[in-house]
Amino acid sequence: AAQRLANKTVLITGASSGIGRATALEYCAASNGNIKLSLIARRLERLKELKLIINEKYPQTKVYIEKLDVTETEKIRPFLENLPEDFKDIDILINNAGKALGSDKVGNISQDDIQGMIQTDVIALVNFTQAVLPLFKRKNKGDIVNLGSVAGIDAYPTGSIYCGCKHFVKAFTESLRKELIDTNIRVIEVLPGKVETEFSVVRNHGDELLAKKVYEGMEPLYGEDIADFIVYATSRKPNTVIAEGLIFPTSQA
Ligand code: NDP
């Protein structure tokens, strides 16, 4: 894996916490620091801390951080065009930024929550994908990893919009992989079950107690468990695509 990852440039959306942050760290570990990382999120302070942590252990790792709200569509292409030279030639895009907002019946979901989920989970993922495709097609290689969810194959009550968004991710990812069948571009979907990150805090609008309840009576996964799969999938031989990874904690039904 270390050899196949050597010198690759990885762009991770939503790298300030949870799965995105863990994935940045896992790429460093798996490549012995021989990797270039572009990390974006809205909380720049978090990204600064992460860069420090990475470079303390792997001084040779090139890390570029930028504050970017992925829902600001018009900023995505300029962001990619203005990346420092070292980070422009992206090899792996991890479309990770995403969220659920609230758990409620359809009639009660606020317009802000509806927009927030669709903008982040669907539109931003499509926009980043569209923005890297010309580069990947020119090179005839590149990996696109989309964070779906078990909610993308199993819709539950009070999760209508989030489940809808993640069903979209599943269909979009599958369609794109088939569209690119004549290229060496790999398209991979990751569908996690319960992973203890800030996801549940965000979903519960900051209520930490409610957030914790989701994991009562079970042992959830952690960001690094999903990161482990992402790094594994993107370091297979170029002739192999792991199209989907459905990853549950052993204690989740
Ligand atoms: P976290 O809340 O811990 O991380 C979400 C990340 O997305 C943060 O870095 C956050 O950064 C970033 N983000 C959110 N909104 C924006 C935005 N508008 N612009 C830029 N970055 C943004 O959750 P997870 O790590 O768990 O979630 C990662 C992905 O995994 C999501 O797509 C989620 O749907 C999916 N997933 C998670 C599961 C779980 O149980 N945790 C289960 C199945 C799927 P910041 O706030 O600084 O902008």
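Q: What pLDDT does the chain average?
A: Happy to start there: this is a predicted model, in which local features need pLDDT of at least 70, side-chain atom pairs count only at pLDDT 80 or more, and totals for chains, interfaces and linings use all residues. Residues are numbered from 1 along each chain as its sequence is written. pLDDT is the predictor's confidence in each residue, from 0 to 100. With 100% of the residues scoring at least 70, the chain average is 98.

Q: Which helix supplies the largest share of the shell around the ligand?
A: In total 30 residues surround the ligand, with Gly 14, Gly 18, Arg 42, Arg 43 and Gly 98 the closest. Helices are DSSP runs (H or I, at least four residues), numbered from the N terminus, and both H2 (18–31) and H8 (199–203) supply at least two residues of this shell. The largest share, 3 residues, comes from H2.

Q: How many residues of the shell around the ligand are charged?
A: Ala, Val, Leu, Ile, Met, Phe, Trp, Tyr, Cys and Pro count as nonpolar, Asp, Glu, Lys and Arg as charged, and the others, Gly among them, as polar. The shell has 10 nonpolar and 13 polar residues, and the charged ones number 7.

Q: Is H2 roughly parallel or oblique to H10?
A: Axes are lines fitted to C-alpha atoms, for helices over the stretch in contact, and angles run from 0 to 180 degrees between N-to-C directions. Angles under 35 degrees count as roughly parallel, over 145 as roughly antiparallel, 65 to 115 as roughly perpendicular and the rest as oblique. H2 and H10 (residues 223–233) pack at about 55 degrees, with their axes 8 Å apart. That angle is why H2 is, relative to H10, oblique.

Q: How many residues in the contact of H6 with H7 are nonpolar?
A: The axes of H6 (residues 111–139) and H7 (residues 160–179) come within 9 Å and cross at roughly 10 degrees, so H6 is roughly parallel to H7. Residues are in contact if their C-beta atoms, placed from the backbone, lie within 7 Å; among those that meet are Leu 125 in H6 and Phe 168 in H7. The contact has 1 polar and 2 charged residues, while the nonpolar ones number 13.

Definitions and conventions:
A residue is near a molecule or strand if its C-beta atom, placed from the backbone, lies within 6 Å of it. Two residues are in contact if their C-beta atoms, placed from the backbone, lie within 7 Å.
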